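Open your viewer and get the selection tool ready.

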Amino acid sequence: MLNIAEKLISGGQRLADNLLGEDHELMKIVHEIEQAGFAKLEVSIDSDDSDFFEEFWETVVLPDTKYVLSASVSRFSRTNSQLYGEPDPEIELGLVANDPMSGQLSSLLGEQAQDPIDSQPSAMRVLWVVAQSGGAVDTNHLSQAVGFANRAVSEGGNLIYELMLNPSPEELNNRLQVVEKPIHILHYFGDVCIGEGNIYYLVNDQRHDLLGVLQACGSASLGCVAIDVREYVNEQGLAVPHQRGFHAITQTACRAYKGNILGLSQAVLPQFSSVVFHSVYRALTLGVELGQAVVEARKELQRNSLDESFNPSPVPFPMWPLLLHFGQQKVRFFRQGDSQISDTPVGWGALKERIFGFDLERLSACAGNTSDNIALPVADYCQTQGGKVAIVGSEGMGKTYTAQGVAVYLAAAEKVGYAFYFSCQRFSYDLADIIHMTAGVLEAGAEDADNFAEALAQKRCCFVFDDFDLHPVSQDVVNLLERFNQIVITAGKDVFSEDYKSFQLAGLINIDRRLIACESIRVAQLSQQNIFAPAMQVAERCGGNPWLQKKLVPELLLYSVEELLTRLTDYPHGSVKEGFYQQYWATLTQNEQVFFSLLAQSPAVLMEMLGAVIQQNDSYWHTFCGEESTQENYKAWVDKNYQHGFLRRSNLGHMLGRDEIDFIVAQQAQIDDEHAVLFSGWVCESLCFLSGRVSQKNNSEILNYLVVNRADWVLHLERLWHNYKFPEFFGVKNTIERLFMPVGLVPELATWCLELLHRHPLPDRDYSQDHVVAWLALAAELNRVPPEIDVEWIATMAERCRTSYSELDATASTSALPYFHQLATFLLAYYERNTFWAECIMVAERALGVYRHYESWPRVVASLKALVRFHRASGDKEQARLLEDQLLNDVPYEDAEPGFKLQQQIEILLSQVAAEEFERAHKLLYEIKAYQDAPPYLQDLLINVECDIDYGMQNYEAALPVMSKLWSRAKAASQDAQLKELQQKLTVIKSVLGEGRFNEILDKADADGDKQHDENLTH
């Protein structure tokens, strides 16, 4: 590292020394530059001499300074002012960056985020052109276009790559003229031929006019052109040095395009060049000017001067000197902001609302690593020709990854509106299945073929059917999708039909084999140098199969290379996955096989979730492993299974992957009830532990994970219920309820609880009182179920409960009290949901009598409050007032917990205000205000309640100052609903008091003279 860095620095110092001149003019201004600050300096290397431009000016270090100039100033570019002249004023394209965190929770819960019209996000669109000239160069320099297109989206969605493969100049010009989705940057990847006074790009050994393309870029007002050239050649086909070739482009381009041109000082693999240009584009999304973005990209590349793509341990590979910037025209693509480049991907953003079923974590992890292989031609065919595509290849070659990558790209580039992924591994889909699974997304209304067809006629989609050869999708599905010009991508081992455009997925090229081998060594923490040669031996024998290579290389820690290569010969022909897993499965104990079979039923369960509770309860793991249960033993066992390729590592921990789950399910291991219940208890206890972590540390990542995968958790809740583990069930259910409350998912949980009871009807009382009481306690969730959900089935249960309630004498024995209480609670929830107020009153009055008998005062208070609510809802306000008086005066609060009476008074006060009984509320308010020990936080509440009372009693002059403050708070917090309500009230007050008195009170209330609320009312 030091040797390369020192050479670069010494080279830059030499260039600076050459610039000093005999009178050392440069030295005279170095001090002035340092005083003003390098960040304010703009540097322009201006010349028309090609030899001069072949120097590595980007490495210049000024004398007696320690900074590389091109990575320290605000702008560092090359130019030829004689050809290009003076630049125009700075151009601002006005794009709006998407805030990666805005609407994240709304998206999570299926809600539509609302943005002001003038701040709707508008992505920067880069047209990535790949030109294949043919021959050996294409074989060893496959593009990274599809991978980086998906990588860009995974980093926030402010950057969209649109791809074109081997386009003609006419096709390029036509695309650049489209104004609905304008291109902002042209990125060219391919070879360039330098001719006399002209430049060409090469496609299949044919020359195409590049100068005409640049002219179209100028006409379309592109902010920048990026040239990622693999090889410059002259008209005789001889290679031209990279810097000379780039200079020739800039000197010729001036006749057609006078904007900015980015290039490279040397030829490098696309794995590196793509990173260099992508760093510039990322920096542009922060709102900085193009010249500053290039400098910021160099800084980022300087911070990452070690590369480990093709070596098991990091080696020096500084990429920052590669980046060349020609041009003086200042361009700012995005509105100026104060964000900073983040090294952590921020997620797939709004695209998640248009793609379904895809493994985004895997796409994020692999995006931009290996070459595109056939992904680019498949993507190009889909977006230009459409129709049906078949990706064909043997097992483990990457068919799934390719198909998913192409579909996600098509959605990200807005070539399709939606993309859907279906795995045909275990069963085939018919038309009814497809309609049912997509109708909600496509807004197809009723789930029938006609509505579905109508939706397809309006929206173009991409449908991916993986493992199509195992269980082909119904021909009705394919015919319907084809009729409405939908894109269909299938993947399998064999060609399905001549109707499909077939793409054969070949093995990895040598570069990618080495890359995957090194990645596998690092991930498995086998970075010793002596492991690299065996890893490459394994890679060679894997025949370019990426799946097999990733599985076998980590096992070099456990086996010799000879043993691994021998095992390869035992795999069944054409089924490397089956062979690999079957060998390891045979080494597991029966209990371990049961454990993995249970784990496969809940793919979202992380091994770290389960391990977190071993310290508190070691019975779980002891049952499955049969040895001393400690966290250390468990962690070692997890590591062993990961090392053997039976677990994969995600962002949050270790878990089963899709391939492992498919294999385990196919084994059909016998799972006994004892182990199943034990495992579910383990999962539920881990959920309680994680929920506590979320509450303590406000960990949004874990919260999101628990919310997104909530369908996995209910399996274990139901298993506890089915096996009568009621205390454990309610413990985890209540924990999850508290977790879901802030994100508005309690109604969904309540709905699931009622569905659970529908599957497990109310048993007879003599079956088990604990069981019946638990059923009734869960049935009380009825009042949290959204009103549009049909729960009519529970009416029969309510009739049974009403009979039992009427017959039960709860005063005869305290043993009947729990049953009586849950009967009352359920019946009240049922009757209140159906607005049967007479029945509500009957149940509550009988419950009140029983609770008074046992002097259970908290339940007496609850019953009285319920009766107040029911009488008020039925229109009997007088009886409601009498009951309120009982609540305030007849309950022996002196024996209650401190603050209990005050809490009841506050609740009664709020209900009186809501019922517009302002006289009674005014009296109670002053009783509450007389408390000497009222908590401070109540003061604001009481002031606001008093304001509502004053307004209700038309005491407007007293209410106005408080409303003024409430308006300011609501305005600052953008609480539109509250602002609308306040505006209506303030308008009434202004009309009654008159504008003069209205403003006089406001002036007195607001000594600072802030009339913002008044201005909003006026307008």
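Which residues line the largest cavity? Keep in mind as you look that this is a predicted model. Select Val129, Leu172, Leu186, Tyr188, Tyr201, Leu210 and Val213, and you have the lining of the largest cavity on screen. Now colour strand E6 (185–195) and helix H9 (210–219): each supplies at least two residues of that lining. By class, the lining has 7 nonpolar residues, with no polar and no charged ones. The space inside comes to about 30 Å³, and the count of cavities of 30 Å³ or more is 1.

Next, go to helix H38, residues 857–874, and pick out His871 there. Is His871 buried or exposed? Its relative accessibility is 8%, below the 20% cut-off, so His871 counts as buried. To see what surrounds His871, show its contacts: leaving aside residues up to four places away in sequence, His871 touches Ile841, Glu845, Asp876, Lys877, Gln879, Ala880 and Leu883.

For the last stop, select helix H43, residues 956–972. Try the distance tool on its end C-alpha atoms: they are 24 Å apart, which agrees with the 24 Å that 17 residues should span at 1.5 Å a residue. Then show the buried side of the story by selecting Tyr956, Ala959, Leu960, Val962, Met963, Ser964, Leu966, Trp967 and Ala970, which are buried in H43. An α-helix has 3.6 residues a turn, so residues three or four places apart point the same way. Finally, step just past H43 to Ser974, where phi is positive, at about 55°.

Terms used
Residues numbered from 1 in each chain as written. Predicted model: local features only at pLDDT ≥ 70, side-chain atom pairs only at ≥ 80, totals over all residues. Heavy atoms only, no water. Helix = DSSP H or I, 4+ residues; strand = E, 2+ residues; numbered from the N terminus. Buried < 20%, exposed > 50% of the residue type's maximum accessible area, 1.4 Å probe, protein only. Contact = heavy atoms within 4.5 Å. 1 Å grid on protein atoms, 1.4 Å probe; cavity = no way out; pocket = protein on both sides within 12 Å on 5 of 7 lines; lining within 4 Å. Points joined across faces, edges and corners; volume = space filled by probe spheres on them. Nonpolar A, V, L, I, M, F, W, Y, C, P; charged D, E, K, R; others polar. Expected span 1.5 Å × (residues − 1).
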